Amino acid sequence: MTITDIIEQRARNLPPEYQQMVLDFIDSLFIDNQRIESEKPCLNWAGALSNVNEDVFSLQKKALLWRDTDEISD
């Protein structure tokens, strides 16, 4: 007996208002699953700075300066 068969069998034994609650719960699980799938991060930027010959700390310092001064310079 599969899990689907067990769920179906148990749902049949419930009164109609509880069957509706089960259906609503299953629908909410679908919505949650779609939301989680859409929130997966996109990592296509990974390795984009591999050709930069500066250490992490100098890049971090530049980023902080750029953020605070709105100037971009080398």
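These are my notebook entries on a predicted model of a single chain.

**Overall layout**

I began with the secondary structure. The chain has 3 helices and 0 strands, and I read the order of elements from the N terminus as α-α-α. Helix 1 covers 3-12 and helix 2 covers 16-38, with a loop between them.

I then looked up the dimensions. The C-alpha trace spans about 70 × 30 × 15 Å along its principal axes. The radius of gyration is 26 Å, whereas a compact globule of 74 residues would have one near 11 Å.

I also checked burial for the whole chain. Of the 74 residues, 1% are buried. The accessible surface comes to about 7,200 Å². I noted that 59% of that surface belongs to carbon and sulfur atoms.

**Helix 1**

I looked at Arg 10 next, which lies in helix 1. Arg 10 and Ile 31 are 21 residues apart in sequence, and their C-alpha atoms are 23 Å apart in space.

Which residue does Arg 12 pair with in a salt bridge? I found Glu 8 as the partner, with the closest N and O atoms 2.3 Å apart. Arg 12 and Glu 8 are 4 residues apart in helix 1, so about one helical turn separates them. I checked the accessibility of both partners. Arg 12 counts as exposed because its relative accessibility is 56%, and the cut-off for exposed is over 50%. Glu 8 has 38%, so I put it down as partly exposed.

I went on to Leu 14, which sits in the loop between helix 1 and helix 2. Is Leu 14 buried or exposed, or in between? Its relative accessible area is 30%, so I listed Leu 14 as partly exposed. Leaving aside residues up to four places away in sequence, I found that Leu 14 touches Gln 19 and Val 22.

**Helix 2**

I looked for nonpolar side chains on the surface. Phe 25, Ile 26, Leu 29 and Phe 30 form a nonpolar patch there. Together these residues have about 400 Å² of accessible area. Ile 26 is in helix 2. I recorded Ile 26 as partly exposed because its relative accessible area is 33%, between the 20% and 50% cut-offs.

**Remaining salt bridges**

How many salt bridges does the structure hold? I counted 3, among them the pair of Arg 12 and Glu 8 described above.

Another joins Lys 62 to Glu 54, and I noted 3.0 Å between the closest N and O atoms. Glu 54 is partly exposed, at 35% relative accessibility.

I also found a salt bridge between Arg 67 and Asp 68, where the closest N and O atoms are 3.2 Å apart. Arg 67 counts as exposed at 57% relative accessibility.

Notes:
Residues numbered from 1 in each chain as written. Predicted model: local features only at pLDDT ≥ 70, side-chain atom pairs only at ≥ 80, totals over all residues. Heavy atoms only, no water. Helix = DSSP H or I, 4+ residues; strand = E, 2+ residues; numbered from the N terminus. Buried < 20%, exposed > 50% of the residue type's maximum accessible area, 1.4 Å probe, protein only. Contact = heavy atoms within 4.5 Å. Patch = residues over 30% accessible without salt bridge, like charges linked within 9 Å, V, L, I, M, F, W, Y side chains within 5 Å. Areas by Shrake-Rupley, 256 points an atom, 1.4 Å probe, with all protein chains shown as cover. Salt bridge = Lys/Arg side-chain N within 4 Å of Asp/Glu carboxyl O. Rg over C-alpha atoms; globule rule 2.2 N^0.38 Å.
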